[in-house]
Amino acid sequence: MGVDPDSRFVEIYESAYEPILGYVLRRCPHPEDAADVVAETFTTAWRRIEELPEGDEARLWLYGVARRVLANHRRGERRHEQRTAALRDRLAAFPALARPPEDEISQMGRVFRDLTDDDRELLSLVAWERLDHGQIARMLGVSRNAVRIRLYRARKRFARELAKAGIDHPRAVALEGSSL
């Protein structure tokens, strides 16, 4: 009776992980990509455990798998780079989407830009994406009430920063004087 597949995989993994990782690290520009390639290599080994050769041949088989996974990864990166370049070209045709020079950004725009990422995101979801509290709650995976509170606080912080910048905005004054 042979070794069970789980034990065989553990044995192969423990003996081949470091050599396969070294092989991939020497061929990947980013350690995160190398981790993905190694994970995919051993996932393939797990799925095809019955096909893995015995002894040192298993390590050689894994090198072959890693080589193919690396090739697929590189092709995917090239496709991604091509799509990104094409998207950049298409977006360049829309001057409204280009970031304006610093001296053309309004004072209100600068205040908005200086908010925290979370505050900008919430305010943008309401103002630009036209999402309601329920939609934002589903998107963020929180309750409607949490969105309501976070949005209230983001608006209040924005109003406070507008006031500090000397921007007299009726909404800013109304928010500054209100409470929950």
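**Helix packing and a pocket**

Mentor: Let's start where two helices touch: Glu121, Leu122, Leu125 and Val126 in α5 meet Ile136, Met139 and Leu140 in α6. Keep in mind that this is a predicted model.

Trainee: Okay, what does the contact of α5 with α6 look like by class?

Mentor: The contact has 6 nonpolar residues, 1 charged residue and no polar ones.

Trainee: And at what angle do α5 and α6 pack?

Mentor: Helix α5, residues 117-127, packs against helix α6, residues 133-140, at about 135°, and their axes lie 10 Å apart. That angle makes α5 oblique to α6.

Trainee: Is the crossing left-handed or right-handed?

Mentor: Right-handed, as α5 passes α6.

Trainee: Why do you quote both an angle and a distance?

Mentor: Because two packed helices are described by the angle between their axes and the distance between those axes.

Trainee: Switching topic: what volume does the second largest pocket have?

Mentor: About 180 Å³.

Trainee: Which elements give two or more residues to its lining?

Mentor: Those are α1, spanning 5-25, and α3, spanning 56-92. The largest share of the lining comes from α1, with 5 residues.

Trainee: How many of the lining residues are charged?

Mentor: The lining of the second largest pocket has 5 charged residues, along with 4 nonpolar and 2 polar.

Methods:
Residues are numbered from 1 along each chain as its sequence is written. This is a predicted model: local features need pLDDT of at least 70, side-chain atom pairs count only at pLDDT 80 or more; totals for chains, interfaces and linings use all residues. Side-chain values use heavy atoms; hydrogens and water are left out. Axes are lines fitted to C-alpha atoms, for helices over the stretch in contact, and angles run from 0 to 180 degrees between N-to-C directions. Helices (H or I, at least four residues) and strands (E, at least two) are DSSP runs, numbered from the N terminus. Angles under 35 degrees count as roughly parallel, over 145 as roughly antiparallel, 65 to 115 as roughly perpendicular and the rest as oblique. A crossing is left-handed if the near helix is turned anticlockwise from the far one by less than a right angle, and right-handed if clockwise. Contact means heavy atoms within 4.5 Å. Ala, Val, Leu, Ile, Met, Phe, Trp, Tyr, Cys and Pro count as nonpolar, Asp, Glu, Lys and Arg as charged, and the others, Gly among them, as polar. On a 1 Å grid over the protein atoms alone, a cavity is a set of points where a 1.4 Å probe fits but cannot get out, and a pocket is an open set with protein on both sides within 12 Å along at least five of seven lines; lining residues have an atom within 4 Å of a point. Grid points are joined across faces, edges and corners, and a volume is the space filled by probe spheres set on the points.
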